[in-house]
Amino acid sequence: MKNPTMEIREAIDADVGAIVAVLDANRSEASLFQQPPRQVRRTLADFVLAVDDEGTIHGCAALHWHMTDNAEILAVAVAPESQGLGLGHALMKACVDRALAKASDRDRLFLWLATAKPEYFARFGFREIPRFSLSASVLWTKLVLVFQQPLGRWLPALVGRHTFMRFSAPTP
C-alpha cells in the first residue's frame, strides 16, 4: 500500500462498524481486547481514528477517563495492511495530547495503559508500574473486561501477560 494522506479525527456514530473491524483484524494480538459494537458505541467519544482522504478508517485508539485525573489509553490498533505507516504513532500522540489538554493538573494526571508490547509504548514516555498502582475501582473495571473477552484470553490476562505502564511527561 502506498502512503495515503491520513488525518486523525474523533469517532462519530457511523464509525462503530469500522472500529470493530480494525480491532477484529488484529484479533491475533492477544493483549488487544476485542470490543463488540455495543461497547464501542457506549464509549465512542473515547476513540480517535486514522482516516484516509477517501474516508477509510485505517486505525483507532481510545482515551478513557476512569476518574478526573486517571485516564487509560486502550484499543490502539492499525489495520494490518496499513501498519508501518506511522499511524500507531499518530494515534498515540493524539491520545496523549488529548489527555494533557483535558487534565486540570498535569502533575496529578495518571495516564496509563496495559500492554504486551512495553518496548513500543516506552517510545512515547510510558514507564512500567506495578498493576496495583491503579485504584481498586479501576482494577475491578479491567477485571470485568477480561471476562468479556473470548475464554482463551482469560487466563493469560489474569496471570500477567500485560505490563502496566504510566506516562511520564518529559521535563522542559
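**Aromatic cluster and overall fold**

Analyst: Tyr-120, Phe-121 and Phe-124 are linked into a cluster by ring pairs. The model is a predicted one, and it holds four aromatic pairs.

User: Why is the pair of Tyr-120 and Phe-121 called edge-to-face?

Analyst: The ring centres of Tyr-120 and Phe-121 lie 4.9 Å apart, and pairing requires centres within 6.5 Å. Their planes stand at 90 degrees, and an angle over 60 counts as edge-to-face. The pair is therefore edge-to-face.

User: What makes Phe-121 buried?

Analyst: Its relative accessible area is 9%. Buried means under 20%, so Phe-121 qualifies as buried.

User: Why is Tyr-120 called partly exposed?

Analyst: Tyr-120 has a relative accessible area of 23%. Buried residues fall under 20% and exposed ones over 50%; the value for Tyr-120 lies in between, so the residue is partly exposed.

User: How many residues does the chain have, and what percentage of them is buried?

Analyst: The chain has 172 residues, of which 45% are buried. It exposes about 9,400 Å², with 55% of that area supplied by carbon and sulfur atoms.

User: What pattern does the chain follow along the sequence?

Analyst: The pattern is β-α-α-β-β-β-α-β-α-β-α-α-β, and the secondary structure comprises six helices and seven strands.

User: What percentage of contacts between residues at least 6 apart in sequence join residues at least 24 apart?

Analyst: Among those contacts in the chain, 68% join residues at least 24 apart.

Terms used:
Residues are numbered from 1 along each chain as its sequence is written. This is a predicted model: local features need pLDDT of at least 70, side-chain atom pairs count only at pLDDT 80 or more; totals for chains, interfaces and linings use all residues. Side-chain values use heavy atoms; hydrogens and water are left out. Rings of Phe, Tyr and Trp (its six-membered ring) pair if their centres lie within 6.5 Å; planes under 30 degrees apart count as stacked, over 60 as edge-to-face and the rest as tilted. Buried means under 20% relative accessible area, exposed over 50%, partly exposed in between (1.4 Å probe, protein chains only). Helices (H or I, at least four residues) and strands (E, at least two) are DSSP runs, numbered from the N terminus. Contact means heavy atoms within 4.5 Å. Accessible areas come from the Shrake-Rupley method with a 1.4 Å probe; for residues, only the protein chains shown count as cover.
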